[in-house]
Amino acid sequence: MSTSTEALNFEAPRLGRRALWFRQIAAILRLEVRKNFIGKRAILLYLLAAFPILLMAAVSVQLGTRASSPNNISEANIMFAGILYEPVILRTIIFFGCAWTFMNLFRGEVVDRSLHYYFLAPVRREVLVFGKYFSGIVATLVLFTMTTAGSLMFLYVGLGSSGMDYLTNGPGKGQAMTYLGITWLACVGYGAAFLVIGLFFRNPMIPALIAYGWEFINFLLPPVLKKISVIHYLHSLAPVPVSEGPFAMVAEPTPAYLSIPGLLIFTAAVLTLASYRIRKMQITYGGE
């Protein structure tokens, strides 16, 4: 009886601490989400998110001038996957949108000379990392989900009634959900990577450009090196196969049951690294 009582007394403080951490994460999340959507740095994010939608709207006008047929739908799917979604939305818009959002979560606070307010608050620094990370996830998921969904909508609207029927009653619905899932995983994976870059480097744009170069030349890398990237696993999940060109090194796509857990494990490991880094972080505004 006494052993059970001691165990309960030991667990109670732990449960209380966890509840406090969740409340603090929620409070930081609410504060940071407002910054991400309303702050001056949000303007570039809105422009990035809107660009593919406007581009696809212009393309849909051209698609509407052609007679809709199953062949046209197939061609449009290949065009969307190979010309718009992977090279523009995934490799460029989401990549740089996540870089801008997540690197500024801490680096922007240092530039604005406001990070010390968080450090003076009675909040564990690991809690601060997760609160800020989730705020970036909310911002990028909302905007880039709209980017992906809006681009797909204009694609099928441009194909007329058969295109909308393909989307609502045919394979288009499953393809759309897969594209959205890839977008969400990209925000989760790239977001964690750029959060760490923003914590470790005073000038994070240089490592961000190096990371972009690595992701960009991924198709030229041997199979072993291809797997040391986020884009390889996202590319493996594509609902419409996309050719990487005649110079690409052939590598087997990683199955979804490995790609998805792999990206989530990578994210968890990177956030753990960020938590370790922020414990030792010292603010030096004078050096900025």
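**Close-up 1. E32 and K132, a buried pair.** E32 is buried, and K132 is buried too; buried means under 20% relative accessible area, exposed over 50%, and partly exposed in between, with a 1.4 Å probe and protein chains only. The model is predicted: local features need pLDDT of at least 70, side-chain atom pairs count only at pLDDT 80 or more, and totals for chains, interfaces and linings use all residues. Residues are numbered from 1 along each chain as its sequence is written, and side-chain values use heavy atoms, with hydrogens and water left out. The side chains of E32 and K132 form a salt bridge, at 3.1 Å from N to O. A salt bridge here is a side-chain nitrogen of Lys or Arg within 4 Å of a carboxyl oxygen of Asp or Glu. The pair links distant parts of the chain, 100 residues apart: E32 sits in helix α1 and K132 in helix α5 (residues 125–158). Helices (H or I, at least four residues) and strands (E, at least two) are DSSP runs, numbered from the N terminus.

**Close-up 2. K35 and its two glutamates, E32 and E109**. Side chains of opposite charge can pair when their charged atoms come close. E32 meets K35 in a salt bridge of 3.3 Å, N to O. Both residues lie in helix α1 (residues 2–38), 3 residues apart, about one turn of the helix. An α-helix has 3.6 residues a turn, so residues three or four places apart point the same way. E32 has a relative accessible area of 2% and is buried. K35, at 37%, is partly exposed. The side chains of E109 and K35 also form a salt bridge, at 2.8 Å from N to O. E109 lies in helix α3 and K35 in helix α1, so this pair ties together parts that are 74 residues apart in sequence. E109 is buried, at 5% relative accessibility.

**Close-up 3. The salt-bridge network.** E32, K35, E109 and K132 are linked in a network of salt bridges. The structure holds 7 salt bridges.

Close-up 4. C98 is buried, with 0% relative accessibility. C187 is buried as well, also at 0%. A disulfide is a pair of cysteine sulfur atoms within 2.5 Å. By this rule, the structure has 0 disulfides.

**Close-up 5. A nonpolar surface patch.** I43, L44, L47 and W100 form the patch, with about 380 Å² of accessible area together. Patches are made of residues with over 30% relative accessible area and no salt bridge; like charges are joined within 9 Å, and nonpolar side chains (Val, Leu, Ile, Met, Phe, Trp, Tyr) within 5 Å. Accessible areas come from the Shrake-Rupley method with a 1.4 Å probe; for residues, only the protein chains shown count as cover. Helix α2 (residues 42–64) gives the largest share, 3 residues. W100 lies in helix α3 (residues 70–111). W100 is partly exposed, at 32% relative accessibility.

Close-up 6. Helix α8 (residues 205–216) has 12 residues. Its buried residues are P207, A208 and E215. They cover an arc of only 105 degrees around the axis, which puts them on the same side of α8. The arc is that of the directions from the helix axis to the C-beta atoms. On the other side of α8, I206 and I210 are exposed.

Notes:
The expected span of a helix is 1.5 Å times one less than its number of residues.
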